[in-house]
Amino acid sequence: MAAAAATRPSPPYPAVAPVGAYDRVFYGGMALALALTVFSGFAPTYYARFLGGGPRATVSGGPFTALVHLHGALFTGWVLLLITQTALVASHRVAVHRRLGVAGAALAAAMVVAGTSVAIATAKRGAAPVGVTPLGFLAIPIFDMVVFSTLVATALAMRRDKETHKRLMLLAFISIVVAAVARLPGMLPRGPLAFFGAGYLFVVVAVAYDLVSRRRVHKAYLWGGAFLVASVPVRLVVSGTPAWRAFAEFITR
């Protein structure tokens, strides 16, 4: 009996989850949270009006033109695509995820063209938040498209590095969700610093997850996040310069 007791294996220590064990849950949850933010921001000014037959005008007072609908369809498609892509990765269907990425690249390019076109058309109508000139405000969406396209292009170029790729794609999604945050009740009158700050809380959550799960922040968040955050003061400063005004007047002719 003593010999048997001596050879009996001791209870194993509690298993430690491997690094990244909860990544699929986290990135899937972030995609859904960002999608909910987009719907909440644009529901009163676009989705509800479009589906429910309400006033056919954008938040800036412009009509629901074909360009506006195209813009809405493309950006909605991007939200649905990102949810699908994270679900594919979570279900280990990586091959399908990669093939769908080709369509994602084309969709992102179309979004930049449509987003820029809507921004220019809005400035031409003279629409802008109270206290801001239309040409000055044009810097906000134009820089949005520059930041978004840069992050997506870099993410696609580094798609073989999955850790960098998925973080840059998340940052790209965050870069355009600010437009929805600005449309949340009471947010737009507070100005760009308020709605950019609120939108970039998603970056804080992502960085916090890295710290908890890996005890360090991935390099993609360091330089990609810095690029994203630094773009805000840059665009606010640039928007008031004579050079920007001359450029804005040129593209809105």
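This is a predicted model: local features need pLDDT of at least 70, side-chain atom pairs count only at pLDDT 80 or more; totals for chains, interfaces and linings use all residues.
User: Which secondary structure elements does the protein chain have, how many helices and how many strands?

Analyst: The protein chain has 11 helices and 0 strands, and read from the N terminus on, the elements run α-α-α-α-α-α-α-α-α-α-α.

User: What share of the contacts comes from residues 24 or more positions apart?

Analyst: Counting contacts in the protein chain with a separation of 6 or more, residues 24 or more positions apart account for 70% of them.

User: Let's go to helix packing. At what angle do α4 and α6 pack?

Analyst: Helix α4, which covers residues 94-124, packs with helix α6, residues 139-157, at an angle of about 170°, and their axes are 9 Å apart. Angles over 145 degrees count as roughly antiparallel, and α4 and α6 are therefore roughly antiparallel to each other.

User: Which residues make the contact there?

Analyst: On the α4 side the contact is made by A105, A108, M111, V112, G115, T116 and A119, while α6 brings in P141, I142, M145, F148, S149, V152 and L156. By type, the residues of this contact of α4 with α6 divide into 11 nonpolar and 3 polar, with no charged residue among them.

User: You listed P141. Is it buried, partly exposed or exposed?

Analyst: P141, whose place is in helix α6, counts as partly exposed at 21% relative accessibility, given that buried means under 20%.

User: What about V146, where is it and how far is it from S231?

Analyst: V146 is found in helix α6 as well, and it is partly exposed, with a relative accessible area of 41%. V146 and S231 are 85 residues apart in sequence, and their C-alpha atoms are 9.5 Å apart in space.

User: Now the other pair, α7 and α8. How do they pack?

Analyst: Helix α7 (residues 162-182) and helix α8 (residues 192-199) pack at an angle of about 125°, with their axes 8 Å apart. That makes α7 oblique to α8.

User: Is the crossing left-handed or right-handed, and which residues are in the contact?

Analyst: The crossing in which α7 passes α8 is right-handed. The contact involves I174, V178, V181 and A182 of α7, together with F195, F196, A198 and G199 of α8. The residues of this contact of α7 with α8 divide into 7 nonpolar and 1 polar, and no charged residue takes part.

User: What does D210 touch?

Analyst: Leaving out residues up to four places away in sequence, D210 touches R167, R215, R216, V217, H218 and Y221.

User: R215 is on that list. What is its phi, and where does it lie?

Analyst: Phi of R215 is near 65°, a positive value in a residue other than glycine. R215 is found in the loop between α9 and α10, the latter being residues 219-238, and at 67% relative accessibility R215 counts as exposed.

User: What is phi for H92, and which loop is H92 in?

Analyst: H92 has a positive phi near 65°, again in a residue other than glycine. H92 lies in the loop between α3 (66-90) and α4, and at 57% relative accessibility it counts as exposed.

User: And H97, is it buried or exposed, and what does it touch?

Analyst: H97 lies in helix α4 and counts as buried, at 17% relative accessibility. Not counting residues up to four places away in sequence, H97 touches Q85, L88, V89 and H165.

Note on methods
Residues are numbered from 1 along each chain as its sequence is written. Side-chain values use heavy atoms; hydrogens and water are left out. Axes are lines fitted to C-alpha atoms, for helices over the stretch in contact, and angles run from 0 to 180 degrees between N-to-C directions. Helices (H or I, at least four residues) and strands (E, at least two) are DSSP runs, numbered from the N terminus. Angles under 35 degrees count as roughly parallel, over 145 as roughly antiparallel, 65 to 115 as roughly perpendicular and the rest as oblique. A crossing is left-handed if the near helix is turned anticlockwise from the far one by less than a right angle, and right-handed if clockwise. Contact means heavy atoms within 4.5 Å. Ala, Val, Leu, Ile, Met, Phe, Trp, Tyr, Cys and Pro count as nonpolar, Asp, Glu, Lys and Arg as charged, and the others, Gly among them, as polar. Buried means under 20% relative accessible area, exposed over 50%, partly exposed in between (1.4 Å probe, protein chains only).
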